[in-house]
Amino acid sequence: MGSTDKAISYGSALVLSLLLLLLLPLLHEAEGCDMFTGRWVEDASYPLYDPSTCPFIRREFACKRNGRPDLDYPTFRWQPQGCKLARFNGVEFLEKNKGKKIMFVGDSLSLNQWQSLTCMLHSSVPNSPYNITTQGTITTFTFQEYGVELKLDRNVYLVDIVRKKIGRVLKLDSINDGHNWSEMDTLIFNTWHWWSRRGPSQPWDYIQLGSNVTKDMNRMKAFKIALGTWGKWVDTVVDAQKTRVFFQGISPSHYKGALWGEPTARSCAKQNEPLLGTSYPGGLPAEVGVLKRALGIISKPVTLLDITMLSLLRKDGHPSIYGLGGRTGNDCSHWCLSGVPDTWNEILYNYMA
């Protein structure tokens with residue numbers, strides 16, 4: 001091959017490479033696409049909704065209404081490496097899920113994500129009638145025109161807490177509330193936030209596994225056992241032909257600035273921009289590994305919404321003093337709305353599309 005032919009060959013290869021680079025961002029949910037590795041980028045077209053137009057948003061997530069002065073935190077878009085998320089389309093979501101039941105099961109982080117999705121959808125169809133009902137632990141938001149039910153079951157451990165003569169017992173091998181979940185078309189589970197609770201906020205007095213009752217045990221071990229019980233429920237009860245199962249992943253807190261490279265910061269207070277890299281200096285929390293190993297044992301398909309790393313980068317996204325407790329509190333666990341949970345739901349939307 002002559003030098004001219006080589007030049008043409010190299011030039012053609014270069015053009016092909018450039019075309020692939022241009023086309024790559026247009027792909028979404030392609031084979032091998034990792035939606036959870038990437039970076040936050042500023043985008044003037046975000047947020048997806050104005051929280052002031054969401055009349056049912058709860059006070060603990062309404063940071064703007066509660067007086068948060070900096071308003072850049074909702075204007076960041078998650079950009080995965082190697083692919084592009086399809087922008088959330090509420091009308092399309094409602095049309096595709098017409099007549100279906102979608103349930104979030106978990107703690108207040110599930111509430112955070114459920115509330116986000118109701119706001120995202122309501123802002124897409126602001127004149128479409130809806131109603132909100134609560135029965136026991138389950139709250140249902142219904143878009144009447146579409147017959148879509150968005151449900152939330154507040155169940156912080158997924159396994160049972162029962163009252164006995166000795167007190168409240170956390171049963172690591174029992175799931176009686178599963179009958180509330182079995183008729184859903186989509187399930188999004190979550191647990192972790194309460195496993196380290198101690199003192200007055202701990203909602204149980206004893207832990208039981210089989211016939212063994214103990215006052216306490218290693219919380220990470222208890223978390224692992226409970227996930228195993230839940231996984232067996234999925235394998236035994238879920239009809240994979242009818243119901244799609246997701247696990248929300250571990251939503252992180254930001255109370256130690258040293259973990260994100262700011263040793264003088266004792267919390268998320270006054271944080272007003274995300275980490276702009278692709279990794280978190282403090283690394284992933286140990287519970288992420290426990291969760292992934294537990295999911296790997298389940299034989300039925302369960303999709304992990306692996307939102308930990310992208311959320312770790314958002315030290316700026318929490319209510320801080322603009323949440324439920326106001327200036328007497330400092331919430332670095334939950335998330336402002338609009339904000340980070342909208343991205344969790346945008347990823348969920350990409351999986352469900």
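User: How many helices and strands does the chain have, and what is its radius of gyration?

Analyst: This is a predicted model, and in it the chain has seven helices and 13 strands. For 353 residues the globule rule gives 20 Å, and the value for the chain is close to this, so the chain is as compact as a globular protein of that length. The C-alpha atoms fill a box of roughly 90 × 50 × 45 Å along the principal axes. The radius of gyration itself is 22 Å.

User: What percentage of the residues count as buried, and what share of the exposed area do carbon and sulfur atoms supply?

Analyst: Burial here means a relative accessible area under 20%, and by that criterion 50% of the 353 residues count as buried. The chain exposes about 16700 Å², and the part of this supplied by carbon and sulfur atoms is 53%.

User: Among contacts between residues at least 6 apart in sequence, what percentage join residues at least 24 apart?

Analyst: Contact is taken as heavy atoms within 4.5 Å. Among the contacts in the chain between residues at least 6 apart in sequence, the share that joins residues at least 24 apart is 76%.

User: Which strands stand at the edges of the seven-stranded open sheet?

Analyst: The sheet is open and its pairing is mixed, with the strands in the order S4-S5-S6-S3-S9-S12-S13. A strand at an edge has a single partner strand, so one side of it is left without a neighbour in the sheet. From one strand to the next the twist averages 20 degrees. The strands at the edges are S4 (130-135) and S13 (302-304).

User: How many bridges join strand S3 to strand S6, and which residue in S6 is the bridge partner of lysine 101?

Analyst: Strands of a sheet pair through backbone hydrogen bonds, either parallel or antiparallel. Strand S3 covers residues 101-106 and strand S6 covers residues 148-154, and the two run parallel, joined by six bridges. The bridge partner of lysine 101 in S6 is glutamate 149.

User: Which helices lie across strands of this sheet, and at what angle do they run to S6 and S13?

Analyst: Helix H3 (residues 108-124) lies across S3, S4, S5, S6 and S9, and its direction is compared with that of S6. Helix H5 (residues 286-297) lies across S12 and S13, and its direction is compared with that of S13. The angle is about 160 degrees for H3 to S6, and for H5 to S13 it is about 160 degrees.

User: Is threonine 142 buried or exposed, and what is its relative accessible area?

Analyst: Threonine 142 is found in strand S5. Leaving out residues up to four places away in sequence, threonine 142 touches Pro129, Tyr130, Asn131, Val148 and Glu149. Threonine 118 is 24 residues from threonine 142 in sequence, with their C-alpha atoms 9.3 Å apart. Because burial requires a relative accessible area under 20%, threonine 142 counts as buried, at 14%.

User: How many disulfides are found, and what pattern do they follow?

Analyst: A pair of cysteine sulfur atoms within 2.5 Å is taken as a disulfide, and a search of the whole structure finds four. With the bonded cysteines counted along the chain, the pattern is 1-4, 2-5, 3-8, 6-7.

User: What is the handedness of the link of cysteine 33 and cysteine 83?

Analyst: The sulfur atoms of cysteine 33 and cysteine 83 are 2.1 Å apart. This pair links distant parts of the chain, 50 residues apart, with cysteine 33 in the loop between H1 and S1 and cysteine 83 in the loop between S2 and H2. Cysteine 33 counts as partly exposed at 22% relative accessibility, whereas cysteine 83 is buried at 3%. With 45 degrees about the S-S bond, the link is right-handed.

User: What is the handedness of the disulfide of cysteine 54 and cysteine 119?

Analyst: The sulfur atoms of cysteine 54 and cysteine 119 are 2.0 Å apart. Cysteine 54 lies in the loop between S1 and S2 and cysteine 119 in helix H3, 65 residues apart, and both cysteines are buried. The torsion about their S-S bond is about -75 degrees, so the disulfide is left-handed.

Technical notes: Residues are numbered from 1 along each chain as its sequence is written. This is a predicted model: local features need pLDDT of at least 70, side-chain atom pairs count only at pLDDT 80 or more; totals for chains, interfaces and linings use all residues. Side-chain values use heavy atoms; hydrogens and water are left out. Two strands pair if DSSP finds at least two bridges between them. Helices (H or I, at least four residues) and strands (E, at least two) are DSSP runs, numbered from the N terminus. Axes are lines fitted to C-alpha atoms, for helices over the stretch in contact, and angles run from 0 to 180 degrees between N-to-C directions. The radius of gyration is taken over C-alpha atoms; the globule rule is 2.2 Å times the number of residues to the power 0.38. Buried means under 20% relative accessible area, exposed over 50%, partly exposed in between (1.4 Å probe, protein chains only). Accessible areas come from the Shrake-Rupley method with a 1.4 Å probe; for residues, only the protein chains shown count as cover.
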